[in-house]
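Please look over the chain shown here.

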Amino acid sequence: MWIGWIEFDLLLGDVHSLKEKRSVVRPLIAEVRKRFDVSIAEVEHQDLYRRAAVGVGLVAADRAHIVEVLDAVEGYVAYRPGVDLLGARRRILSAED
């Protein structure tokens, strides 16, 4: 069993309130969840309106699948309009670790 996760540090574009932030972050989370069948949530910076930290995680039988999905999610988030990817931290573990 393999477990992988990635955390994105995001800078949101033309956002001036927490309400506007939700209108950017919630559709992003919904689309990533639907498109890649992963667990995803906003994990930090809930009180800042121009920043967001989003975590994505999944479990799979082999490492290659984890890497493929995390690469695809990172590519999707990196090229999302209105969102600048400031950084991404990734970790992959096996059940034996």
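Predicted model: local features only at pLDDT ≥ 70, side-chain atom pairs only at ≥ 80, totals over all residues.

Residues are numbered from 1 along each chain as its sequence is written, and side-chain values use heavy atoms, with hydrogens and water left out. The chain has 2 helices and 4 strands. Its pattern along the sequence is β-α-β-β-α-β. Helices (H or I, at least four residues) and strands (E, at least two) are DSSP runs, numbered from the N terminus.

**Overall dimensions**
- The radius of gyration of the chain is 14 Å; a compact globule of 97 residues would have one near 13 Å, so the two agree.
- That radius is taken over C-alpha atoms, and the globule rule is 2.2 Å times the number of residues to the power 0.38.
- Along the principal axes, the C-alpha atoms fill a box of roughly 45 × 20 × 20 Å.
- Contact means heavy atoms within 4.5 Å. Among contacts between residues at least 6 apart in sequence, 70% join residues at least 24 apart.

**Surface and charge**
- The accessible surface comes to about 5,900 Å², and 51% of this belongs to carbon and sulfur atoms.
- These areas come from the Shrake-Rupley method with a 1.4 Å probe; for residues, only the protein chains shown count as cover.
- Of the 97 residues, 32% count as buried. Buried means under 20% relative accessible area, exposed over 50%, and partly exposed in between (1.4 Å probe, protein chains only).
- There are 14 positive and 16 negative side chains, and the centres of the two sets lie 6 Å apart.
- Lys and Arg count as positive and Asp and Glu as negative, while His and the chain ends are not counted. The place of a charge is taken as NZ of Lys, CZ of Arg, CG of Asp or CD of Glu.

**Strand pairing around S3**
- Strand S3 spans residues 51-60 and is mostly covered: 7 of its 10 residues are buried.
- Two strands pair if DSSP finds at least two bridges between them.
- S1 (residues 2-12) runs antiparallel to S3, with 10 bridges joining them. Ile6 has Val56 in S3 as its bridge partner.
- S2 (residues 39-44) also runs antiparallel to S3, through 5 bridges. Val56 in S3 is the bridge partner of Ile40.
- S2 and S3 form a hairpin with 6 residues between them. In the turn, His45 has a positive phi of about 60°.

**Strand S4**
- Ser94 is found in strand S4 (residues 83-94). Ser94 counts as buried because its relative accessible area is 11%.
- Leaving aside neighbours within four places in sequence, Ser94 is in contact with Met1 and Trp2.
- Leu85 also lies in S4. Its relative accessible area is 26%, so Leu85 is partly exposed.
- With neighbours within four places in sequence left aside, Leu85 is in contact with Phe8, Asp9, Leu10, Glu74 and Ala78.
- Leu85 and Asp97 are 12 residues apart along the chain, and their C-alpha atoms are separated by 29 Å.

**Helix H1**
- Ala30 has its place in helix H1 (residues 18-36). Ala30 is partly exposed because its relative accessible area is 42%.
- From Ala30 to Ala95, the separation is 65 residues in sequence and 29 Å in space, C-alpha to C-alpha.
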